[in-house]
Amino acid sequence: MRFEPRRNETVSPRTHRLRVAGGALCAVALAAALVTGCGQNSGDDTAAETSEAAKVLPNQTTSPSGSPSGTAKLTKDQTERKDLLSTVKVTFDSAATTAVGEVSGGKLTDLDLEGLDDEDDASGSPSPSGSSTSPSPSPEASASGSPSPSGSSTSPKWIAEVAEKDGTAHKVTIDAVSGDVIDSAPEADQSDADKKQLADQLSKATQTPQQAAKVATDKQPGWVTSMGLDENDSNVLVWQVDVVSKDWNKTTFDIDAAKGTITDEQVDND
């Protein structure tokens, strides 16, 4: 039997070079396709991300923390102050002048913007969370342009106490939008002792309410929302002045009614 010689399976150098070259070209083409594909995907992904960001950014606030426009970051009390003060057109000074003009020879002893921080007043005052008379508006209600924080047609009011020389007190209510006097009448339940005490306090208060307000707002610029003549815990006669600043915090100052100096200062950050 004759056996045929086995063929040599070794590839020639030329053939090998052609195969390598062909493989390299394929690799280059594949790489180009991959680069092109990656570039297209990257562009698509970036466009998609930009589109999504465009939907989100308008809903984000760029205002610094504590600024009046940072509504989303305001506390409930700050929101109430902002909503109420946005409706008030008559300033403290104007309301004080109007109130004093209602009582011949009278002097201002107390002036408050009704519905603002009422929970800090007497224990019988309504709290903002459970009372129909307390300003507890939502930001949406304020944005709708309602004339008052409670959403009713009733305007905010300044409530003033003006005393005659003998201490007879009169209550004067002023529309805080129009400046009109709503009501003016003597206090019905004032005793002779109350009159004497009030007359004595007025004689000692050499600083006017306007001077006390200036001392307070020089220290903390803002809106004067309350002013009252009273004795502090040390039995010093003071003007107690509330100032709401542009970050909607409230600062209460005790100002010596004779010297015009600040004796106490408390910031309400709520």
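**Figure 1. Order of elements in the predicted model.** From the N terminus, the protein chain runs α-α-α-β-α-β-β-β-α-α-β-β-β-β, giving 6 helices and 8 strands (DSSP runs, H or I of at least four residues for helices and E of at least two for strands, numbered from the N terminus). This is a predicted model, in which local features need pLDDT of at least 70 and side-chain atom pairs count only at pLDDT 80 or more, while totals for chains, interfaces and linings use all residues. Residues are numbered from 1 along each chain as its sequence is written, and side-chain values use heavy atoms, leaving out hydrogens and water. Of the 270 residues in the protein chain, 33% are buried (buried means under 20% relative accessible area, exposed over 50%, partly exposed in between; 1.4 Å probe, protein chains only).

**Figure 2. Loop residue Asn235.** Asn235 lies in the loop between strand 5 (223-231) and strand 6 (237-244). Most residues other than glycine have a negative phi. Asn235, however, is not a glycine and has a positive phi of about 65°. Asn235 counts as exposed because its relative accessibility is 61%.

**Figure 3. Loop residue Trp248.** The loop between strand 6 and strand 7 (250-256) holds Trp248. Trp248, a residue other than glycine, has a positive phi near 70°. With a relative accessible area of 8%, Trp248 is buried.

Figure 4. Glu187 is placed in the loop between strand 4 (181-186) and helix 5 (192-204). Its relative accessible area is 31%, so Glu187 is partly exposed.
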